[in-house]
Amino acid sequence: MYQNVSINWDVFNYKFSGNTRNAFEQLAYILFCHEFNRPFGIFRYFNQTGIETEVIQVDEDIIGFQAKYYDTHTTLSNRKVDLLSAIDKSRQSYPNLTRLIFYVNKELSSSKKKGQHIPQYQTEIENHGKKVGINIEWRVKSNFEVTLFNPVMTHVRDFFFNPKEGIKGYVDHIQVHTNTIMDNINSTIQVNGASTKIEHNQLDLVSFISDENYKYLIIFGNGGSGKSGLIKDSYSSIPKEIPYFVFRATDFEATNISEFSRKFGEYTFEDFLSMFENAVKKIFVIDSVEKVFTMKNKDVLNDIIWLLGKHGWKIIFTVRTVYKDNFINYVLRLSDYQEYEVKDITISHLEQIFSRHTLSLPVDDKVKILLCNLFYLQVYMNITHSLSELNETIENFKERIWNEKIKNIINAKNNVHLRRESVICKMVLVNANKGTSYYNLSKDDDHEAITALENDEIIAFDSIFNGYYLTHDVYEEWVLNRIIQIEFNKNSRIKEFFYNIGNSLIMRKMFRIWIHGQIDMDVMRLSTFLNESLNDNDLDSIWKDEILISLMTDVRQLNSLHLVENVLNNNEFSLLMRAVFLLNTACKVINVKFLNTLLTQEEQKTFNVYRYTKPSGTGWAFLFEFINHNFNRISWDAKNIMTVTDSLSTWVNNNKTGIETKHAGLIALNFYEIIKSSDHLEYTLRDNKLRNIISVILGSAMETNEELTSIFQGVIEKRENNHRSKYYDLCIQLLEGVIDSHALSEANPDIVISLGSVFGPEMIRERKDINTVIA
């Protein structure tokens with residue numbers, strides 16, 4: 001809350017000691033904008049000539065201003081030449097200028113001549129202005145006092161004249177936090193004193209800042225590709241007078257905005273924003289915004305984004321590519337935005353870098369691909385390599401960089417390398433369970449190991465949040481993976497394993513990734529572990545879901561679900577049905593190809609692209625084949641049938657051919673058969689539910705042509721066109737619509753024509769009218 005402070009220029013001079021001239025120019029700018037009702041500020045150039053900003057027009061007047069700050073011992077009469085020169089420069093730069101306002105931190109002294117108040121120097125300055133066609137006006141301390149005590153200017157008075165930290169302290173704390181983040185980001189690769197920098201000339205940040213049509217810029221790429229480094233470069237290049245603040249997405253992990261705001265002082269975030277209301281250009285960066293999906297409370301971040309947009313800020317987000325579309329649809333909610341992709345470098349570029357630094361490339365192709373990521377390239381460049389290590393596998397390479405970067409095994413005195421590993425695992429696990437990114441020290445912590453990690457720039461201390469954080473997200477992933485692997489290697493009981501790693505959202509995400517990696521390393525042990533986990537009736541269903549989703553979303557040729565095939569039929573196939581449900585909710589991606597045929601890139605930015613998704617992962621193929629093979633062993637009730645049908649429909653709507661489509665069609669055809677043989681199911685699964693099943697049958701006709709032809713041939717031969725006949729619903733739905741008839745018409749047009757002769761147009765029209773009423 002703003003303080004009701006008095007205007008004391010001694011306080012002003014003390015608060016801005018060493019920078020008083022710039023502070024006074026800022027105050028004058030705010031007062032000028034307030035006087036002439038320019039809430040969004042006035043455009044200006046860097047090192048503006050003559051006047052502080054571009055001129056403004058008010059009625060017939062063209063107005064500019066200059067701020068003149070003089071120290072205690074300087075009199076205005078002694079600065080006459082300076083003020084006359086300012087008038088001449090203003091006239092030269094702005095020929096149409098009609099009014100020039102001087103903001104001066106002193107009162108004009110009264111004339112010493114009897115009966116005359118206006119001093120000679122004031123008269124000479126004003127007459128010089130009139131001579132060149134400019135009316136000179138003055139704003140001095142007495143003017144400031146009246147303006148600053150206007151209730152809407154309370155925040156300005158607080159910032160410049162509060163003897164305590166005030167709102168300025170709040171802003172300073174945010175600046176300190178920004179500097180802490182920026183200081184711990186590398187934007188160049190250092191090798192033996194030489195540096196390599198990846199240029200991004202296609203990113204036009206100046207254009208984005210100036211473009212009124214877009215308030216969001218999304219910088220996306222893989223983890224470690226250099227997104228944050230790009231932010232650091234832009235932060236360094238933007239003129240200092242443009243407000244530019246940087247936060248990490250996890251900084252907004254709080255119950256509400258008030259709790260978040262109190263970290264910087266006893267003011268609100270809107271108080272902070274009001275300080276920059278007159279700034280034409282202002283930038284707010286939210287780094288690693290994909291973290292929102294593992295945060296317990298997302299509301300604060302959403303509220304902050306809304307407030308920033310409301311107050312005219314340009315917002316830059318960095319996000320990993322795999323989360324970009326989710327973020328756009330769930331957070332930005334179809335707002336217009338610009339985007340820029342930070343790509344990993346190519347193998348060719350990698351070879352050029354190694355050649356430039358006279359280094360030998362590793363042999364393993366997987367290691368080379370990994371080094372195309374700038375984070376891993378920087379790590380690689382800063383550790384030593386023997387000739388034998390050039391032939392190491394990617395698993396050995398990752399183990400080596402853990403030992404050299406995190407543990408720093410070269411320095412093993414007092415086992416500090418082991419203590420470093422222990423303490424960083426503790427820090428990350430505690431933070432994950434608490435839902436924060438900042439670790440607060442306790443007296444029991446290993447301070448020597450923590451200091452060693454800080455000296456090696458693995459962690460950094462943030463004085464505002466009063467805690468340590470990992471300087472790169474990739475370090476966090478390393479540690480989380482290490483925690484899981486350590487627990488796995490203990491051969492602990494299932495319940496103990498999952499208890500020890502905790503069930504935070506970020507740990508669950510890392511657990512999925514760990515499963516994929518473990519398949520390549522020790523598939524037999526992993527299979528035993530996963531089967532025991534899925535068989536454990538006491539294990540939280542959250543972890544069973546994570547196992548199934550991880551296996552089903554694996555995109556490698558080897559179908560990972562075979563690792564747990566034996567447990568899918570347990571408890572009357574309940575785990576199978578859960579897998580099918582998850583298949584249709586968690587194993588889909590945006591159908592980019594379809595969207596590109598439907599919409600332009602610009603149209604897609606304001607369109608809910610999640611309306612058009614397609615199946616992803618090998619789980620679809622495995623489960624469809626498994627269900628088809630075990631169909632007669634499963635007890636089919638209405639709920640199970642529709643759960644499976646929903647997944648079958650998703651697949652067939654996106655895939656008209658392939659073995660998976662054949663399996664989907666055969667399963668749906670079996671559903672039709674058992675429904676028609678059960679009065680209960682036929683009643684329960686009538687109308688649209690049955691139509692959905694039939695749509696799957698007909699949609700897969702390119703692959704089930706033989707089975708469908710046999711059925712329809714029997715209908716034709718027996719002329720079974722009565723509504724009580726078994727295949728009546730199937731035949732009518734085929735004949736009454738273009739969409740459902742398309743696949744079979746392409747596969748076997750003759751059978752469709754023959755079937756049409758059995759069911760006359762009147763029967764089809766009558767059925768269509770009934771279905772319209774039902775719909």
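Let's start with helix α28, residues 619-629, in this predicted model. Its buried residues pack against quite a list of partners: the helices α24 (541-552), α25 (570-586), α29 (638-654) and α30 (659-676), along with the strands β14 (588-590) and β15 (613-615). And which residues of α28 are buried? They are Gly619, Trp620, Phe622, Leu623, Phe624, Phe626 and Ile627.

Keep hold of α30, please, and let's follow it to another helix. α30 packs with helix α33, residues 705-718, at an angle of about 30 degrees, and their axes are 10 Å apart. On the α30 side you will find Lys662, Leu666 and Leu669, and they meet Glu707, Leu708 and Ile711 of α33. Sorted by class, that contact has four nonpolar residues, two charged ones and no polar ones.

Helix α34 (residues 728-736) packs with helix α36 (residues 749-758) at an angle of about 110 degrees, with the axes 10 Å apart. Angles of 65 to 115 degrees count as roughly perpendicular, so α34 is roughly perpendicular to α36. From α34 come Cys731, Leu734 and Leu735, while α36 brings Val752, Leu755 and Gly756. Five of the residues in this contact are nonpolar, one is polar and none is charged.

While we are here, have a look at the loop between α35 (738-747) and α36, where Asn748 sits. Is Asn748 buried or exposed? Its relative accessible area is 15%, and the cut-off for buried is under 20%, so Asn748 is buried. Leaving out residues up to four places away in sequence, Asn748 touches Asn705 and Thr709. 

Let's move to another loop, the one between α2 (20-35) and β1 (56-58). That loop holds Thr53, which has a relative accessibility of 1% and therefore counts as buried. What does Thr53 contact, apart from its neighbours within four places in sequence? The answer is Tyr29, Ile42, Phe43, Arg44, Gln48, Phe65 and Tyr94. Take Tyr29 from that list: Thr53 and Tyr29 are 24 residues apart in sequence, and their C-alpha atoms are 8.4 Å apart in space.

Which of them gives the most? That is α2, with seven residues. By class, the lining has 23 nonpolar, 10 polar and 11 charged residues.

Last stop: the cavities. How many cavities of 30 Å³ or more are there? The count comes to one. The largest cavity has a volume of about 70 Å³. Its lining residues are Glu290, Lys291, Arg320, Tyr323, Asp473, Glu476, Glu477, Leu480, Ile506, Lys509 and Met510. Both α20 (473-489) and α22 (505-521) supply at least two residues of that lining, and α20 gives the most, with four. Seven of the lining residues are charged, four are nonpolar and none is polar.

How values were computed:
Residues are numbered from 1 along each chain as its sequence is written. This is a predicted model: local features need pLDDT of at least 70, side-chain atom pairs count only at pLDDT 80 or more; totals for chains, interfaces and linings use all residues. Side-chain values use heavy atoms; hydrogens and water are left out. Ala, Val, Leu, Ile, Met, Phe, Trp, Tyr, Cys and Pro count as nonpolar, Asp, Glu, Lys and Arg as charged, and the others, Gly among them, as polar. Buried means under 20% relative accessible area, exposed over 50%, partly exposed in between (1.4 Å probe, protein chains only). Contact means heavy atoms within 4.5 Å. Axes are lines fitted to C-alpha atoms, for helices over the stretch in contact, and angles run from 0 to 180 degrees between N-to-C directions. Angles under 35 degrees count as roughly parallel, over 145 as roughly antiparallel, 65 to 115 as roughly perpendicular and the rest as oblique. On a 1 Å grid over the protein atoms alone, a cavity is a set of points where a 1.4 Å probe fits but cannot get out, and a pocket is an open set with protein on both sides within 12 Å along at least five of seven lines; lining residues have an atom within 4 Å of a point. Grid points are joined across faces, edges and corners, and a volume is the space filled by probe spheres set on the points.
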